[in-house]
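Biologist: I have a structure open on my screen and would like to learn how to read it. Could you walk me through a helix pair and a strand?

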Amino acid sequence: MLNIIICGAPGCGKGTQSNLIVEKYSLDHLSTGDLLRKEIEQKTKLGVIAESFISKGSFVPDEMIIDMLIQSVDNQSDKSNGIILDGFPRTVAQAEALEDLLGKRNKKTTILIDLLVDNKELINRLLKRGETSGRSDDNLETIKKRLQIYQEKTTPVSDFYKNLNKYAAIDGIGTVNEIFSRISAVIDLNR
Ligand code: AMP
């Protein structure tokens, strides 16, 4: 069973790489960003609240995210070889909640893959994505805020997994296939 976390600043390519990992290793893909955008589209109560945070570049409160994630983990299909968590955990409180919920289900995190890309490249990628994504958070002001919040709140998550010896940094610059080869090598080493 593989329980992989893919982490990295906005625009690092974690969505693209998650799709490739899902295909190669037959995992369920749990993207908290995608789940939230679905809630927003369906105009649910959670969606309306989430949108007010997302459009400002802020994080959605931990409790809401953790509740949403628990439901998704429990709805996981029996046929998959595990899960890839994309965009979660983003805070140490979320990491603690994840380890607790996996532990209670006799599961554990395999590895956290941290996709490293410098801020200049991230801003370029996100501005380009903003031309077509229609996302309320892909504009320069919100991008800068997201990068700052990422630095403040998500960098400690890397330290949390370093302390558990479950951390791998990957160079996120290169072609999609080059980066995927680097990630596959790490997964194969840790599975
Ligand atoms: P993403 O698609 O992963 O870039 O997520 C888009 C936005 O959704 C983020 O900028 C946050 O506002 C919100 N979001 C997604 N995942 C989380 C999370 N784990 N914790 C808090 N907010 C989140």
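Modeller: Happy to! Keep in mind that this is a predicted model.

Biologist: Which hand does the crossing of α1 and α8 have?

Modeller: The crossing is right-handed.

Biologist: Which residues make the contact?

Modeller: From α1 come Thr16, Gln17, Leu20, Ile21, Lys24 and Tyr25. Helix α8 brings Val176, Ile179, Phe180, Ile183, Ser184, Ile187 and Asp188. By type, the residues in this contact are eight nonpolar, three polar and two charged.

Biologist: Now the strand. Where do side chains point?

Modeller: In a regular strand they alternate between the two faces of the sheet. In strand β1 (residues 2-7), Leu2, Ile4 and Ile6 point one way, while Asn3, Ile5 and Cys7 point the other way.

Biologist: Are the residues of β1 buried or exposed?

Modeller: Six of the six residues are buried, leaving the strand mostly covered.

Biologist: Which strands does β1 pair with?

Modeller: Five bridges join β1 to strand β3 (residues 82-86), and the two run parallel. In that pairing, Leu2 stands opposite Gly82. Strand β4 (residues 111-116) also runs parallel to β1, joined by four bridges. There, Ile4 has Ile111 as its bridge partner.

How values were computed. Residues numbered from 1 in each chain as written. Predicted model: local features only at pLDDT ≥ 70, side-chain atom pairs only at ≥ 80, totals over all residues. Heavy atoms only, no water. Left-handed = near helix turned anticlockwise from the far one by under 90°. Contact = heavy atoms within 4.5 Å. Nonpolar A, V, L, I, M, F, W, Y, C, P; charged D, E, K, R; others polar. Buried < 20%, exposed > 50% of the residue type's maximum accessible area, 1.4 Å probe, protein only. Pairing = 2+ DSSP bridges.
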